[in-house]
Amino acid sequence: MREREGSTLTMWLYLVAFVGLYYLLRWYRERQVVSHLQDKYVFITGCDSGFGNLLARQLDARGLRVLAACLTEKGAEELRGQTSDRLETVTLDVTKMESIAAATQWVKEHVGDRGLWGLVNNAGVTKPVTLCEWLNMEDSMNILKVNLIGVIQVTLSMLPLVRRARGRIVNVSSILGRVAFFAGVYCISKYGVEAFSDILRRELQHFGVKISIVEPGYFRTGMTNLTRSLEEMKQSWKEAPKHIKETYGQQYFDAFYNIIKEGLLGCSTNLNLVTDCMEHALTSVYPRTRYSAGWDAKFFFIPVSYLPTSLADYILTRSWPKPAQAV
């Protein structure tokens with residue numbers, strides 16, 4: 001009996017040592033930084049606010065040559081006022097091919113023969129946060145155009161420049177691209193980003209181009225602005241067809257509204273948890289394929305994603321209200 005207990009203890013000690021050695025080696029590999037960062041160009045979409053804005057300032061402070069794309073000239077002007085003369089801006093609407101083509105030509109003129117080291121697809125929208133049946137088709141299509149089609153079009157337009165530099169592509173997905181349980185069309189768009197990134201990584205493996213996916217949890221950005229998000233939710237419910245309102249009922253909406261409100265109030269304000277992942281993907285010799293950013297992503301959503309579907313369904317929807325016409 002004692003011999004068996006001793007062998008079991010030895011086995012666990014070997015396992016702990018193996019796991020410890022693995023994480024030590026990974027830590028060492030991931031600390032190795034790409035050389036000559038001051039000569040690297042990085043193009044970032046969605047720099048008016050949020051993650052893109054912070055990343056642009058973060059990389060500029062580190063000495064990289066940042067090419068920041070903003071939706072509005074006002075956003076570009078404010079960003080230039082917060083950064084060094086190295087950072088340059090361009091206006092970009094990722095839903096318009098002519099705007100993407102013009103931005104690509106602008107980038108090409110800046111990077112020349114060196115190519116584009118980094119492309120960060122960060123631009124995104126999430127409005128309104130409602131059930132699938134409450135969304136109108138125009139809002140659904142806009143989410144897909146910005147979050148998915150825009151990512152694909154910008155990437156394919158810039159890809160020859162990234163390939164020339166044997167650079168990096170960083171696509172901002174979401175933890176809702178791993179676990180879908182509300183904001184249906186937004187989740188669809190992020191699942192699409194995950195799939196596109198996986199395919200692209202495999203297709204480009206022989207060209208030296210590395211693809212990373214960043215999956216943020218809940219963070220307080222312009223996309224999750226409390227007042228605006230709740231007003232858009234009210235408007236969506238107001239415009240919903242009569243039969244939809246009768247199916248769910250006002251009590252359902254009020255309860256769901258409060259659930260979303262609580263979620264928005266709980267969003268993390270530490271955006272560096274996300275931008276540090278982006279920076280690592282751009283500057284490390286050995287970037288990760290996926291980065292889960294935020295404690296909720298790491299310790300709730302990722303574990304839930306590996307549970308049996310029925311158990312995950314229960315955990316994710318146990319606090320949801322019951323529709324008026326539920327069976």
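This is a predicted model: local features need pLDDT of at least 70, side-chain atom pairs count only at pLDDT 80 or more; totals for chains, interfaces and linings use all residues.
Arg-290 belongs to strand 7, which covers residues 290–293.

**Partners of Arg-290**

The side chains of Glu-194 and Arg-290 form a salt bridge, with a distance of 2.9 Å from N to O. Glu-194 is part of helix 6, so this pair joins parts of the chain that are 96 residues apart in sequence. Is Glu-194 buried or exposed? With a relative accessible area of 5%, Glu-194 is buried.

Next, select Glu-215, which also meets Arg-290 in a salt bridge, here at 3.3 Å from N to O. Glu-215 sits in strand 6 (residues 210–216) and Arg-290 in strand 7; the two are 75 residues apart, and the pair links distant parts of the chain. The relative accessibility of Glu-215 is 0%, so this residue counts as buried.

Now extend the selection to Arg-178, Asp-198 and Arg-201. Together with Glu-194, Glu-215 and Arg-290, these residues are linked in a network of salt bridges.

**A salt bridge elsewhere in the chain**

How many salt bridges does the structure hold? There are 11. For another example, select Asp-60 and Arg-86, whose closest N and O atoms are 3.5 Å apart in a salt bridge. This pair, too, links distant parts of the chain: Asp-60 lies in helix 2 (residues 50–62), while Arg-86 lies in the loop between helix 3 (73–80) and strand 3 (88–91), 26 residues apart. Colour the two by accessibility. Asp-60, with a relative accessible area of 5%, is buried, whereas Arg-86, at 34% relative accessibility, counts as partly exposed.

**Helix 5 against helix 6**

Helix 5 covers residues 137–165 and helix 6 covers residues 184–203. A pair of packed helices is described by the distance and the angle between the two axes. Here the axes come within 8 Å and cross at roughly 15°. Helix 5 is therefore roughly parallel to helix 6, because angles under 35 degrees are counted in that class. The crossing of helix 5 with helix 6 is right-handed.

Which residues of the two helices meet? On the helix 5 side, select Ser-140, Ile-143, Leu-144, Asn-147, Leu-148, Val-151, Ile-152 and Thr-155. On the helix 6 side, select Val-185, Tyr-186, Ile-188, Ser-189, Lys-190, Gly-192, Val-193, Phe-196 and Leu-200. The residues of this contact comprise 11 nonpolar, five polar and one charged.

**Two backbone angles to inspect**

Move to Ala-183, which is found in the loop between strand 5 (168–172) and helix 6. Ala-183 is not a glycine, yet its phi is positive, at about 55°. At 7% relative accessibility, Ala-183 counts as buried.

Finally, select His-36, in the loop between helix 1 (2–30) and strand 1 (41–44). Phi of His-36 is near 55°, again a positive value in a residue other than glycine. Is His-36 buried or exposed? The relative accessibility of His-36 is 52%, so this residue counts as exposed.

Notes: Residues are numbered from 1 along each chain as its sequence is written. Side-chain values use heavy atoms; hydrogens and water are left out. Axes are lines fitted to C-alpha atoms, for helices over the stretch in contact, and angles run from 0 to 180 degrees between N-to-C directions. Helices (H or I, at least four residues) and strands (E, at least two) are DSSP runs, numbered from the N terminus. Angles under 35 degrees count as roughly parallel, over 145 as roughly antiparallel, 65 to 115 as roughly perpendicular and the rest as oblique. A crossing is left-handed if the near helix is turned anticlockwise from the far one by less than a right angle, and right-handed if clockwise. Contact means heavy atoms within 4.5 Å. Ala, Val, Leu, Ile, Met, Phe, Trp, Tyr, Cys and Pro count as nonpolar, Asp, Glu, Lys and Arg as charged, and the others, Gly among them, as polar. A salt bridge is a side-chain nitrogen of Lys or Arg within 4 Å of a carboxyl oxygen of Asp or Glu. Buried means under 20% relative accessible area, exposed over 50%, partly exposed in between (1.4 Å probe, protein chains only).
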